[in-house]
Protein chains: 2
Amino acid sequence: MSSAGHPNRRPTIADIAAHAGVSPTAVSFALNDRPGISARTRTRILAAVAELGWRPNVAARALGGRRADTVGLVVTRPARTLGVEPFFAQLVSGLQARLSADLVALQLLVVEDVSAELDVYRRWAAEQRTDGVVVLDLERDDPRPEELVRMGLPAVLLSGDGTPGPVPSVFADDHAAMTLLAEHLAALGHVHVGHVGGVHTYVHSARRATALHDAGARLGLDITTVPADFSQDETAAATRALLARDERPTAIVYDSDVAALAGVTVLAEAGLDLPGDISVASFDDSELVRLAHPPLTAMTRDTFDLGELLASTMLSLVRGEPVPDVVDAPASVLTVRGSTGQVPGVAA
Amino acid sequence: MSSAGHPNRRPTIADIAAHAGVSPTAVSFALNDRPGISARTRTRILAAVAELGWRPNVAARALGGRRADTVGLVVTRPARTLGVEPFFAQLVSGLQARLSADLVALQLLVVEDVSAELDVYRRWAAEQRTDGVVVLDLERDDPRPEELVRMGLPAVLLSGDGTPGPVPSVFADDHAAMTLLAEHLAALGHVHVGHVGGVHTYVHSARRATALHDAGARLGLDITTVPADFSQDETAAATRALLARDERPTAIVYDSDVAALAGVTVLAEAGLDLPGDISVASFDDSELVRLAHPPLTAMTRDTFDLGELLASTMLSLVRGEPVPDVVDAPASVLTVRGSTGQVPGVAA
DNA sequence: TAGCGGCGCTAAAGCGCTTTAGTCCGCGCC
DNA sequence: GGCGCGGACTAAAGCGCTTTAGCGCCGCTA
């Protein structure tokens, strides 16, 4: 409501300098908490900032100071299939919540393959658009970490294998989680266990399969893994393949919530009752698995928190604070619901 | 590999000017397709650009030229519930696909309420972080359009009521879509129809309810709308309330795919068979509704395309091209699946 | 043949901030 | 009493781009 003097122009640092009767340099120093400004002057400056409603122009700051206050996330997925799983949205929510607390923006891009993803990183690095990027879905022999180091773009990986690499990572221990799930099924007496796995080139998918087979060997389970991508068709086909085996599994583990739901549909069509005839567990938990009937046993992990942890790590990294090579994410916990039960044919 | 001369610094416009033997101004003009540069010089400059691998520094460009090449999206939702519905991710995918084709970035933020959303807009406007914003979930007497105009931040709305307002909108005609759905149910002989509606303060939710009741009046249907937010609990409660009515509905319409799934679970628990005992239709279509058993009849609309349309409109707007007050989105079509059938008690 | 307009190009300023290199002043010290 | 020093602050340059003003030249007209 009514500002004196200048036309309707955003106040700049020069305006607040004039208003406080100091030089622009002093204002910049005061705003950035640098020494060389007396307490009195500093408060006077901050008062002027508040009074005029000044906000930094990010472009100018980025040009002068070298920080874009923006973090990027490139998701490599067929664009139209994105969003069926709640995982992404949850992760993005968490990332964004932590970043925006520090007034850092999150920039999002969806591409079709890893090479396009690398192109985006190159472009962002060249344009100095982002201070760093979060990398998902690490693959075996993934070129991205090295490339990112080469182009000098700070990055944080989600997962990987928990060993130090060229860039820091946040490690969600899928191996441990899958082990818990295997132990749950073994405790219920299951021996023949099917596993509808994810995309096998992903490190985390591979680790899950390995964990299940390791635990199986230890606990005397007979594990059969059938890979499937994220589509319902493949998941349904994989489920049917498992049902068609000579030694039909008495329990099936799905790598994701959506896959589990798709699987349950196939089981229902086959006239199988849960958990009377067959048990089902999902590796990912979400609202969705509670929509199944009965609701599904799942490994629960707070994806939102995971996003926040990634963001915190990223913020430390771009600020040049020390960051551990591997940050451990909170462990998943087993949430038993109605879809897993005693193996059929055994008295309760 | 090995670049002569300078240390490992990104090439600037000055570098390519030197390389092409012209002034920086000429380079800028050539890059921006402005007249006053001969074809020969222009190609020479572009060759230098390609050779040196130059990319514009977005910060510098934004500072000089006033364009951030970034569009913002603020989603007002409880952060942890975001992502259960595929709608958002699909919309974001579409938005982003169109924007990134023009090398414009999408910036994303999730906030808890509209007042926080307005704060973000104010901040973004002050920081000149975004060229414009996309606004979702318009409410009755929504303060956002006027405020955005006031702060001079270009914006495009999704939906609204299809009438011109202070800012351009992309209009997805929920009224027409809901009418089609009502006609489908009427044709199957249903009279008592339940409706589990969304958040009634949203303009689009209200329009859907109105459409259903209008069509009901015309077609002789008895419509009962029960509002429910996006939670499973409310949806389940609303479904039970409908089932408990004296005149139990023979068909239920859900405002979203996830709500429909939650409803189907309740119906299954009540021992009702689809579509033998009761028909179910979802207003939103997605992969998820095919996970139900039987798959659900739904109004299908390409949310990805809708995102692209929003993005195109936004791009035109920030470029100062003429934009219609209301852009019509493609109409939804009815996708009949197994969940809707003849009203019970009527011979097929 | 002088005048004029347009084309192709350049010099220089400016966007809003950060940072470097001072300047100035008061104080303690030998 | 001169010197050095550190604290408080400023002038000015610079970040990489866009834009405005303007210059020189050529061809055309009167």
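How do the residues of the surface near DNA strand C divide into nonpolar, polar and charged? They divide into 12 nonpolar, 13 polar and one charged, where Ala, Val, Leu, Ile, Met, Phe, Trp, Tyr, Cys and Pro count as nonpolar, Asp, Glu, Lys and Arg as charged, and the others, Gly among them, as polar. This is a predicted model, in which local features need pLDDT of at least 70 and side-chain atom pairs count only at pLDDT 80 or more, while totals for chains, interfaces and linings use all residues. Residues are numbered from 1 along each chain as its sequence is written, and chains are lettered from A and ligands numbered from 1 in the order in which they are written.

Of the 26 residues around DNA strand C, those that come nearest are A:T12, A:I13, A:S28, A:G64 and B:A26; a residue is near if its C-beta atom, placed from the backbone, lies within 6 Å of the strand. Two or more residues each are given to this surface by α2 (24–31) and α4 (58–65) of chain A and by α2 and α4 (58–65) of chain B, helices (H or I, at least four residues) and strands (E, at least two) being DSSP runs numbered from the N terminus.

In chain B, the axes of helix α2 (residues 24–31) and helix α3 (residues 39–52) come within 9 Å and cross at roughly 90°; axes are lines fitted to C-alpha atoms, for helices over the stretch in contact, and angles run from 0 to 180 degrees between N-to-C directions. That makes α2(B) roughly perpendicular to α3(B), a term for angles of 65 to 115 degrees. Here B:A26, B:V27 and B:A30 of α2(B) meet B:T41, B:R42, B:I45 and B:L46 of α3(B), contact requiring C-beta atoms, placed from the backbone, within 7 Å.

An open sheet of mixed pairing is formed by 12 strands, in the order β11(A)-β5(A)-β4(A)-β3(A)-β1(A)-β2(A)-β2(B)-β1(B)-β3(B)-β4(B)-β5(B)-β11(B), two strands pairing if DSSP finds at least two bridges between them. Its edge strands are β11 (326–328) of chain A and β11 (326–328) of chain B, each of which pairs on one side only. Helix α5 (residues 86–101) of chain B lies across β2 of chain A together with β1, β2 and β3 of chain B, running at about 85° to β2(A).

Chain B can be laid on chain A with an RMSD of 0.1 Å by a turn of 180° and a shift of 0.1 Å along the axis, the copies being superposed by least squares on the C-alpha atoms of residues with pLDDT of at least 70 in both. That is the relation of a two-fold axis.

Methods:
Parallel < 35°, antiparallel > 145°, perpendicular 65-115°, else oblique. Contact = placed C-beta atoms within 7 Å.
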